[in-house]
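Morning, everyone. Let me put the structure up, and then I'll walk you through it.

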There are 2 protein chains.
Amino acid sequence: MIDKLIERIRATGAPIVVGLDPVLKFVPEYLKQAAYQEFGETLEGAAQAVWQYNKGIIDAVSDLIPAVKPQIAMYEQFGVPGMAVFQKTVDYCRQKGLIVIGDVKRGDIGSTSEAYAAAHLGRVQVGNRLLSAFDEDFATVNPYLGSDGIQPFLKVCREEKKGIFVLVKTSNPSSGEFQDKMADGRPVYELVGEKTAQWAEECMGENGYSYVGAVVGATYPEQGKALRRIMPHSFLLVPGYGAQGGKGADLVPFFQKDGLGAIVNSSRGIIAAYQQEAYAHFTERGYADAARAAVNAMREDIQRALETAGK
Amino acid sequence: MIDKLIERIRATGAPIVVGLDPVLKFVPEYLKQAAYQEFGETLEGAAQAVWQYNKGIIDAVSDLIPAVKPQIAMYEQFGVPGMAVFQKTVDYCRQKGLIVIGDVKRGDIGSTSEAYAAAHLGRVQVGNRLLSAFDEDFATVNPYLGSDGIQPFLKVCREEKKGIFVLVKTSNPSSGEFQDKMADGRPVYELVGEKTAQWAEECMGENGYSYVGAVVGATYPEQGKALRRIMPHSFLLVPGYGAQGGKGADLVPFFQKDGLGAIVNSSRGIIAAYQQEAYAHFTERGYADAARAAVNAMREDIQRALETAGK
């Protein structure tokens with residue numbers, strides 16, 4: 001799957017992943033009203049509004065980008081109907097040829113981690129049949145529980161040719177509370193990065209990159225530089241661009257000299273572009289076209305920064 | 001909710017939580033066959049088998065214990081039908097007066113953490129209505145992302161009188177890889193414990209205990225002793241009893257002198273007791289009675305250990 005990701009990045013010229021994180025306040029009023037009219041102000045109604053919203057965005061941007069990253073929390077908050085729309089979104093994106101990174105940040109141990117890996121990347125045995133549940137292409141995972149939590153994912157990745165991104169250094173302000181603690185003379189996130197590099201070696205694709213990537217926030221470019229060195233075979237999934245403050249120029253250290261090695265996420269900067277001043281002229285009904293324009297602007301910003309840096 | 005938990009521990013004399021972690025190989029054949037006959041070897045069929053299995057166990061043990069802990073991964077692996085059975089299980093347990101600890105180990109930042117908190121403990125605004133999704137009483141949360149990930153849960157806990165258990169020191173063999181790293185002269189899990197103690201102070205119940213508890217594995221009693229001191233107001237949720245190797249006597253350090261302060265989880269040791277030699281005479285059809293017998297044995301084991309220690 002990492003090879004397919006690289007191929008699609010090359011084809012689109014866009015090392016970009018669009019975060020499908022549909023908070024209800026991003027969803028245009030007319031879509032919410034239509035959904036509530038049909039299903040009432042219920043979890044089903046909210047889920048329907050989210051689905052219509054997602055579908056509009058996916059249709060508008062699927063030819064421009066290699067991948068999407070639905071944040072499962074935004075679906076989970078609408079209970080079972082929300083989870084059904086998560087699944088529908090994953091299926092629809094894959095039909096459109098997009099790579100789906102399930103932002104699930106799961107992490108547990110032993111048989112529980114096996115169950116999460118089966119739920120999101122693998123298959124589960126039911127009687128004589130092997131069945132897929134949510135079936136994303138990649139999943140994000142939390143490393144706090146150590147190798148016991150990661151190994152079941154690696155096993156599934158090898159079997160199914162899928163991948164994971166391990167949380168190494170997150171983009172949020174308080175990410176330093178535990179991740180930056182100095183241990184054995186180095187911050188914890190570096191130790192997690194080293195461990196991730198080892199896991200990456202176990203799961204190499206065909207293009208010099210591993211199925212095992214890492215999440216490293218755009219808001220910490222200095223740390224990104226160090227982690228880029230520590231994990232030479234890992235793609236970095238970089239959140240924090242746009243709304244969280246990261247800019248194109250900040251992203252350069254996350255990329256390798258070949259211009260690959262990183263994929264940058266933007267969520268509300270794309271999917272709620274129509275709510276920003278720069279894209280307000282699209283109006284609510286043009287939210288999908290606004291998203292398309294925002295993707296194009298983001299691609300140009302990153303390409304310019306990489307060219308300036310000679311990558 | 002912590003006060004209700006304490007009340008129910010006193011009423012039952014059992015500081016025990018039964019882990020509802022229904023791996024299919026634990027589910028008796030006759031239940032699986034009946035479910036597959038009705039729904040086929042499908043995710044729906046698997047989910048139905050799990051539901052019937054859970055219901056039998058809940059009916060058999062609900063008067064003996066204060067709380068259950070469904071592990072959401074075991075439901076998530078069966079996709080949307082699995083999530084529907086997770087919800088059904090939560091609802092059924094709450095109807096029976098049991099406290100439900102959602103073992104979800106969620107952890108993210110900002111609005112994403114808000115969405116998880118809403119999904120599992122709080123409510124979500126849909127139009128003019130506030131709706132609950134899964135609506136457990138407690139949830140387990142992962143601290144790797146720092147305070148940004150925890151604060152949204154604390155807010156919901158205060159509003160809804162619910163609670164969380166923060167992963168501090170987990171029971172698995174590789175938990176030491178990051179949790180035991182020495183930082184500022186102390187292991188990372190102690191730093192997480194200190195932060196948890198601060199969060200706990202912000203959310204006190206009426207009986208001297210906080211809504212904010214901690215997960216500390218039974219397999220590490222020495223660390224448990226230190227963490228018991230560091231987090232004086234937190235209930236400790238202790239996994240690792242039974243199948244993972246923890247015994248009654250190992251549990252003493254996790255309790256306070258008042259005999260409270262800890263609640264011990266057992267999953268397969270209870271729900272798959274009929275597969276153990278000691279309970280094999282119950283046979284497959286008696287799996288629920290076997291679970292009841294195993295709960296009684298666990299309660300006696302813990303009570304004996306606490307009495308011997310004068311707690």
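One definition before we start: two residues are in contact if their C-beta atoms, placed from the backbone, lie within 7 Å. Keep in mind that this is a predicted model.

Now the interface. By that criterion, 61 residues of chain B are in contact with 61 residues of chain A. Which helix gives the most to the side of chain B that touches chain A? Helix α6 of chain B, residues 110–120, with seven residues. The make-up of that side of chain B is 31 nonpolar, 20 polar and 10 charged residues. And 100% of the interface residues of chain B are also interface residues in chain A, so the copies meet through the same surface.

On to the fold of chain A. Eight strands form a closed barrel, in the order β1-β2-β3-β6-β7-β10-β11-β12, with parallel pairing. From one strand to the next, the twist averages 30 degrees.

Take one pair of chain A as an example. Strand β11, residues 236–238, runs parallel to strand β12, residues 262–266, and three bridges join them. Within that pair, A:L236 stands opposite A:A262.

Last, a helix on the sheet. Helix α9 of chain A, residues 188–201, packs there and touches β7 and β10 of chain A. Its direction makes about 160 degrees with that of β7(A).

How values were computed:
Residues numbered from 1 in each chain as written. Chains lettered and ligands numbered in written order. Predicted model: local features only at pLDDT ≥ 70, side-chain atom pairs only at ≥ 80, totals over all residues. Pairing = 2+ DSSP bridges. Helix = DSSP H or I, 4+ residues; strand = E, 2+ residues; numbered from the N terminus. Axes fitted to C-alpha atoms, helices over the stretch in contact; angles between N-to-C directions. Nonpolar A, V, L, I, M, F, W, Y, C, P; charged D, E, K, R; others polar.
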